[in-house]
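User: I am new to this structure and would like a guided look at a few of its parts. Could you show it to me first?

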Amino acid sequence: MTNSNGKEGDHRVGVYVCHCGSNIAGVVNVYEVAKWAQENLGAQGVVVAKEYKFMCSSLGQKLIEEDIQKEKLDRVVVAACSPHLHEKTFRGAVARAGLNPYLCEMASVREQVSWVTSDQTAATEKAKAMVAGAVARVRQHEPLESIHVPINSSTLVVGGGIAGIQASLEIANSGFHVYLVEREPSIGGHMAQFDKTFPTLDCAACILTPRMSEAGMHPNIELLTWSEIENVEGYLGNYTVTVRKKARYVDTSLCTGCGICQQKCPKKVIDDQFEVGLGYRKAIYTPFEQAVPKFPVLDKDNCIFFKKGTCRACEKFCAPGAIKLDDKDEAITLNVGNVILATGYDMFDARRIPRYGYGTLPNVFTSLEFERMCNAAGPTNGAIVLRDGKTPPKSVGIIHCVGSRDHKYNTYCSSICCMQSLKFAHLVKERTGADVYNFYIDMRTAAKDYDEFYQKVLEEGTNLIRGKVAEVIDGGLFDEKAGQLIIQVEDTLIGKQRRIPVDMVILAIGLEPKRDAGNVAHQFGISRGANGWFTEKHPKLDPVATMTDGIFIAGCAAGPKDIPASVSQGSAAAARVVSYIQQKELSLEPVRAYINAEQCSGCRICNGLCPFHAISFDEVKMVSEVHQALCQGCGTCVAACPAGAVTGSGFTNQQVLAQIEGLLSVPIYPEILQPVAA
Amino acid sequence: MKYLFYPGCSLHSSSSAYLDSLIAIQGKLGLEFSEVEDWNCCGANEYIALHRIPSYALIARNLALAEQQVNGSNTLVAACSACYVNLARTAKYMGTDKELNTRVNDALAAGGMHYTPGSVEVRHILDLMCNKLGACKVKKLVERPLTGLRVAPYYGCMVLRPDPDKRWRDPESPTALEELILATGAELIDFPLRTHCCSGHMPQINTETSLDLIHRLVEGAVQSGADLLITTCPLCQLNIDGYQAEMNKQFGTSHKMPILFFTQLIGLAFGLSPKSLGIGKEITSAAQALARIGVKVEPEPPVLKRPPKDQRLPMPHMPKPYGDDL
Amino acid sequence: MANVSPVPQEKVGKASPPPRTPPSQASVLEFFRTISPGLPQIEFCIQCGSCGGSCPAAALLDHTPRRLFALIRAGEMEDVLQSNTPWYCVSCYFCMVRCPQEIHITDLMYGLKTLAYQRGYTRNNKATHLSKVFAGYIEHYGRSFELGIAARHYLRHPPANLVGTAKMGSAMFFKGRLHLRPEKISGMTQLQKILQRAKELETAL
């Protein structure tokens, strides 16, 4: 190893000990450590050792930069906080002075010393040991260069709900191509099912459909509806995704969207998807009137032609001849640079709580069913009626927290149900004038204009009863309440059990991760939290990125949230993607693994161990290779290789062993370690 | 198959019909019950009201006796729901709570006994019949199907809750008695209050409230169209059977809803005589209901009018938890 | 509370009972911890009201279970020990299986009964009397004896409908469901030794 003077083996190391105000200096004697380094580590190449109040400040950084120039340093050690915080800062300072940034090493004498003990003597000795270790290590450092990856300017957005649509529009408007993949026949997601949205009571379809058509017509957005993701390979900037376009049985180049096929189709089916089992559709259908794209799909499991070979009414009546009964699934390959996962959520299955009577008592509905009922294009054309399809209720009970905040089902709060329930209270009052009861544990109306909405509902005379409902019982079993439902609950505000008869019960069911979220996470190589929602890189400071570079998350796929938050996340993810694309090329940290082909025996143990699928086997050369861009530098393969053929640049064996030697070189005698005061 | 059996105080007195019928059907089911020798009362919910460790020690003596008794089985079966919960709970807590285990075994040692947690498996007879034997096996042994008899199941509380050993899939929506009723060939009545409390020992403390609960249950059974109720718990049987007259007086009703033990129903389906099953010991007589057995119900005449346009909203799909092969 | 059964008052002429002292809040919480070790404690109660909503005896309770927990946390121990709630518990376990925080409510109710009894709060409590009579038979015969229990209990607390109860009792007798004499186990001495030792091992409450 030559130093900047060209002399073999002789480094010039600068040591800087930070006070960090009193964070470090209050426990560690920083003056003593600096002095000690100057006097004792000369043999290790230390030519200058200083202490300073705040090394991360611009003056502190300037100190390093000037010294590098003046003293002709070729290695730098900063004893300060954790690298998590300021590694980038000091590397930047070093780079500005013309030295390779990877020739700078930090010793964390705050998190690992001053913040874990109050024993000043022991702390100072340990700080010395850590400085010695860092100095020994940094001498072994080699200059490293960042890895550059080109970024494909196309983006894949998975999920055509409001978050996915927002993200797609933002990226498309920036001038870049977007593939929007959606598994249903139309984009729009759950928002298309709602009637009114809180707190403004905007009609959901009215605010959503303009976005949907914009997305449908945008020259930069390619819609792939009725499609599923089959396979994902690649890394940031270069993903290869296989998409299976399911057979629509309709030729989209000929179809005009006139809807005659749907009218003429004789097979009526309960629509479990869009109408949530409350309404019907035909075997050939578009999920709703304003579907984008307008092309219908044929449900072959329920189609008379596919079951018996007869009918073909749609084919007969289709003027442009767009029905293609011999259609097949098609696999297409997309090359994209980044992916945004906006796959949304599923609803809690209310059948899991039999005591609320869902599925057994006719007039118990879930929140999503009620949304469809209120929707003017829904199964009752917007009339709020009981299960008989015609009678309006005179009293309605709305039960909060069904399947949420409960250790037996989902422990988390689903965030939107309190507002949704208050919205229902308002709609019921407005359209039927019925008595409304809301049964809640806590009223969660935290965002902008939400509490004002709550005040409005109070004004309308809704009965708010604080108590988690124990049971919903068939009123026919008691006295003359036949036809009604009895809600049994403790009204905790008066401390009594009440039995309240109502005509209709609405269950505010919680949100859950999509049933196949695990599959999606696996395909894209991201992780999920304990509750099944996708995990963001940092819960507070980085909510749309994931630990996998190039894969972003937006909307409810990352956790329950309302529409404004989903839209914000869609825009945020889009902005991140666009910033990557604009850079055309991204530099990645060079702390990666590298396999020495000569030493590799081809045992392939590392291939299966890599959590990022970054190691592949070259059949020709019969050795394993690490794909630098996919590698995240975790070190698993380095440890696992029996031949020691894998080194981690920035984490070589020599570096680690040198650091250990340095740490142990400072003798810490038992007698100077005083017992810490209790 | 051999089992150890804990009858409990009620089976020897107020619910002797339960014991009669259980013994009558055991042979046919291939079961052999041996009573735990010199068993003592489990204390119901009374002893634990006064003392904690002594109540667990009282119950644990039975577990210790079961552990010692050699009959080729380490499964202890209880028929009374309260006895079952006491035994199962004690067995479980002694396994999970070290402090309790130490103290209780210390007390047992004063009587020269010891119980090793985990050495005895505690099961309720309903759990045994449904989850171990299976309703299908019971169906195969039926000689005299009870076609036309409308039977409603009534579980009460403690056979399903708290379920310390997780024997049941869902404590609020069980299917065990339903499967057995279908196996006997009887008509299953959907009784929504089947897991609601009969009020337990409340008649001795606050009669008015308990009669109210009993009234609800009987009223509900009548409205559901049941000829009779079947149950698994002596106290449920006693409350609904014995207090029905008083309940009728209080509410001005004249219901005659008989309630039998499920083992009695199974015994009838096996072709055994009512007397051998203890039928006749109930205060609200089941004679009228049983007289319907063998009577075929006439089918409804066909409706000739065109039905009105069905604007009903479809109900959600409910999975059928039982009955596919019954 | 209009519909709460009052605890019958002390009869005139009897010597007044010794003054009762409520246990400390810390000791009650500690006692609860021994009843449900490693399980969610009452600090987890979010006061949702599922317990009070499910209780079949709710109309009779002066405090629903969750309110009792709130009273304990507020340090109102006298109110808690005087409460009739644990005594009206029918052990249906609805509260325990429905509690979203998985608190073992029924077990804690049993604990409160023992606590109230041992601290002297239950001198005229009807439910405690039933339990004491029952316990008496267990401690002498090893088994319960329905006729004896009913007789002793009704003597002190006559049933509201004496005639109806007598009718039911005689019907039971003629059906062979009511014995005239108690059954006694052989190992009675052994059981008594066990119970004696167990009482010594009780935590002082």
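User: How are α8(B) and α12(B) crossed, left-handed or right-handed?

Analyst: The crossing of α8(B) and α12(B) is left-handed, that is, the near helix is turned anticlockwise from the far one by less than a right angle, clockwise being right-handed. Please note that this is a predicted model, in which local features need pLDDT of at least 70, side-chain atom pairs count only at pLDDT 80 or more, and totals for chains, interfaces and linings use all residues. Residues are numbered from 1 along each chain as its sequence is written, chains are lettered from A and ligands numbered from 1 in the order in which they are written, and side-chain values use heavy atoms, with hydrogens and water left out.

User: At what angle do these two helices pack?

Analyst: Helix α8 (residues 176-184) and helix α12 (residues 262-269) of chain B pack at about 20 degrees, their axes 9 Å apart. Axes are lines fitted to C-alpha atoms, for helices over the stretch in contact, and angles run from 0 to 180 degrees between N-to-C directions. Helices here are DSSP runs (H or I, at least four residues), as strands are (E, at least two), numbered from the N terminus. α8(B) and α12(B) are therefore roughly parallel to each other (angles under 35 degrees; over 145 is roughly antiparallel, 65 to 115 roughly perpendicular and the rest oblique).

User: Which residues meet there?

Analyst: From α8(B), B:Leu177, B:Leu180, B:Ile181 and B:Thr184 meet B:Phe262, B:Leu265, B:Ile266 and B:Ala269 of α12(B), where contact means heavy atoms within 4.5 Å. By class, this contact of α8(B) with α12(B) has 7 nonpolar, 1 polar and no charged residues. Ala, Val, Leu, Ile, Met, Phe, Trp, Tyr, Cys and Pro count as nonpolar, Asp, Glu, Lys and Arg as charged, and the others, Gly among them, as polar.

User: Turning to chain A, which residues of α14 are buried?

Analyst: In helix α14 (residues 517-524) of chain A, the residues A:Ala517, A:Val520, A:Ala521 and A:Phe524 are buried (under 20% relative accessible area; exposed is over 50%, partly exposed in between, with a 1.4 Å probe and protein chains only). They are on the same side of α14(A) because they cover an arc of only 100 degrees around the axis, taken from the directions from the helix axis to the C-beta atoms. A:Asn519 and A:His522, on the other side of α14(A), are exposed.

User: What follows α14(A)?

Analyst: A:Gly525 follows α14(A), and its phi is positive, near 75 degrees.

User: And chain C, how many helices and strands does it have?

Analyst: Chain C has 11 helices and 0 strands. Of its 205 residues, 54% are buried.
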